[in-house]
Amino acid sequence: MTHLLILIYRNLFRHKLRTFLTILAVAVAILSFGILRTVIDVWYLGVEVASANRLVTRNAISLIFSLPVSYREKIMSVDGVKSVSYGNWFGGIYIDEKNFFPNFAIEPKGYLGLYPELVLNEKEKIDFFKDRKSAIVGEKLAKRFGWKIGDTVTLKGTIFQGNWDFTIRGIYKGRDKNTDETIFFFHWDYLNEMVKKTMPTYADQTGFFVIGIKDASRAGEISQNIDSIFKNSLAETITETEKAFNMGFVAMTEAIVVVIELVSYIVIFIIMAVSANTMAMTVRERSNEYAVFKTLGFRTIHLLGLIFGESFLITMSGCLLGIALSFPIADLFSASLSEFFPVFNISMQTILFDVVGGCLIALTAAVFPSIKAINTDIANGLRKLI
Amino acid sequence: MKEPVVSIKNICKAYQKGSETIPVIHDITFDIIDGDFLSLMGPSGSGKTTLLNLIAGIDKPDCGEIIVSGINITRLSESELSRWRAINVGFIFQFYNLIPVLTAFENVELPLLLSPLSKSQRREHVISALRVVDLLDRIDHKPKELSGGQQQRVAIARAIVTDPAIIVADEPTGDLDRKSATDVLNLMTRLNDEFGKTIIMVTHDMRAAKRAKTIKYLDKGYLNDSPANTDL
Ligand SMILES: Nc1ncnc2c1ncn2[C@@H]1O[C@H](COP(=O)(O)OP(=O)(O)O)[C@@H](O)[C@H]1O
Ligand SMILES: [Mg+2]
């Protein structure tokens with residue numbers, strides 16, 4: 001056994017450049033695969049982190065249309081509802097459009113109660129609640145623009161015209177590493193107050209309600225009960241779980257995700273072909289040696305050990321290198337593309353996929369040369385007839 | 001009369017080349033007695049290597065039987081044959097066929113890895129085999145660092161390290177200069193005389209063949225006791 005390992009190890013160094021290039025190619029492939037898988041993960045993150053205990057109610061026609069904020073009381077009265085809050089997509093721009101980040105006007109107390117994953121210390125929370133013209137921002141977002149508590153930040157309205165000044169009163173942290181730390185929240189009251197002055201017909205309206213329920217298993221029933229209250233009213237509603245609601249956004253871009261997924265598999269497929277070719281070349285060169293091994297009494301199992309061992313050693317070195325590289329690359333992605341990917345973490349599952357991918361590559365690369373080596377009879381192998 | 005260690009009965013062998021069948025060995029019957037040093041001669045393509053491979057159990061005849069020390073090796077399965085070879089036959093090839101990444105010591109040790117010997121026992125065997133071929137000072141050299149003659153002597157050490165009854169050699173001096181060839185032949189003579197090994201050697205070289213106790217001639221797949229009327 002140790003002799004087999006020694007032999008495999010020394011064989012690696014017979015064509016140093018070839019071995020090195022193969023390891024590098026596998027590393028690049030696994031790296032690309034891992035990053036592409038992570039892009040997909042991140043795409044579905046909103047769906048992933050959604051709480052099963054939260055429902056979202058919106059206008060039945062479209063998300064662009066709002067709902068009367070007075071619905072809150074009625075929703076509250078539905079059996080099984082624990083708490084209700086609401087918010088509105090603001091769509092403000094900070095200095096320039098390329099500085100994109102999501103910003104919402106929310107009803108602060110209820111909203112933060114419903115989103116325990118947004119962690120804010122008590123003092124900052126109270127400061128935020130007290131100051132109607134204040135905002136809280138995610139830590140990542142604050143870092144991005146160098147904002148500190150007490151800073152005044154001006155957003156340019158797109159849906160709601162004008163320049164809007166906010167004082168930063170809190171910087172929230174994510175409870176989990178997948179919590180989005182790039183959002184900007186401010187008081188819905190402040191928005192509504194301004195709207196009352198400039199566009200009175202749009203006053204007392206909100207984009208969506210978030211509803212906390214006691215029992216996740218009753219989500220369907222509660223949703224139906226809520227929607228039935230507003231049946232045949234001016235603004236009918238659609239209520240669904242937060243997961244389904246977020247899924248609706250992802251569904252719009254599903255085609256891209258499918259393409260990315262496809263590309264990630266193609267990368268693996270290509271590297272399989274490349275590795276198989278390299279392995280076939282290697283085994284062909286050594287056909288004479290395999291014949292000698294067989295002559296001396298070594299059997300199929302030994303040859304398989306040699307060929308699969310070498311294939312696994314090369315591929316898994318590449319695989320580990322690829323995985324190791326994927327962390328700094330992901331950080332780079334996270335830092336430079338934070339407006340597209342608020343969170344960019346390589347998941348345990350992706351690493352598992354990487355390893356499985358590596359094993360598949362190693363196996364397929366070794367299978368065909370092994371069959372050939374085993375089936376070549378000794379006499380022909382010694383004559384170098386293959 | 002000594003016992004035959006190899007008994008060959010009516011063997012034949014043909015190769016398939018596309019749709020064509022090329023007969024290589026025609027109905028050969030002969031015995032090799034224990035302790036013989038047999039030289040197989042004949043022109044290129046006459047079937048010498050094929051016959052040697054059949055006797056050594058790395059190829060199977062299409063008909064007939066080969067009995068070695070009482071075992072009909074034509075009846076053995078692939079894996080039985082494999083184990084049988086490891087114990088009973090030592091191989092010497094024209095191009096040495098050492099494993100390039102292994103040292104002289106490791107190459108000689110190779111056949112012993114299949115035996116139940118301990119590491120220190122293996123070491124003892126390898127050292128005595130290398131002593132026989134006088135290469136104790138080259139233990140850690142890789143084949144590339146050895147001359148052709150030295151490589152062939154390592155190969156001989158590998159062939160004898162398991163102490164097999166039979167040694168087969170396919171043109172062992174074919175790739176060597178005169179001096180190295182003489183060394184190798186001296187060694188083989190010694191293995192035959194001193195260690196009592198039965199040796200079957202295929203060769204082109206008359207000088208090599210003269211070392212043998214018996215010479216047989218192959219011509220177009222037929223075995224004769226004297227050369228055919230060619231200028232061998
Ligand atoms: N695997 C094979 N397939 C087809 N023909 C073969 C094969 N092996 C040997 N031969 C043919 O068999 C004949 C005898 O070959 P061989 O035993 O190597 O002769 P020698 O060793 O005397 O030169 C040759 O004509 C050779 O071409
Ligand atoms: Mg030959």
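A residue is taken to be near a molecule or strand if one of its heavy atoms lies within 4 Å of it. In this predicted model, local features need pLDDT of at least 70 and side-chain atom pairs count only at pLDDT 80 or more, whereas totals for chains, interfaces and linings use all residues. Residues are numbered from 1 along each chain as its sequence is written, chains are lettered from A and ligands numbered from 1 in the order in which they are written, and side-chain values use heavy atoms, with hydrogens and water left out.

Ligand 1 lies between chains A and B and is surrounded by 13 residues, the closest being A:Asn380, A:Arg383, B:Gly45, B:Thr49 and B:Thr50. Helix α1 of chain B (residues 48–56) supplies the largest share of the shell, three residues; helices (H or I, at least four residues) and strands (E, at least two) are DSSP runs, numbered from the N terminus.

From chain A, a side-chain N or O atom of A:Asn380 is 2.8 Å from a nitrogen atom of ligand 1, and a side-chain N or O atom of A:Arg383 is 2.5 Å from an oxygen atom of ligand 1. From chain B, a backbone N or O atom of B:Gly45 lies 2.8 Å from an oxygen atom of the ligand.

Methods: Polar contact = N/O pair within 3.5 Å; in protein donor to acceptor, adjacent residues only side chain to side chain.
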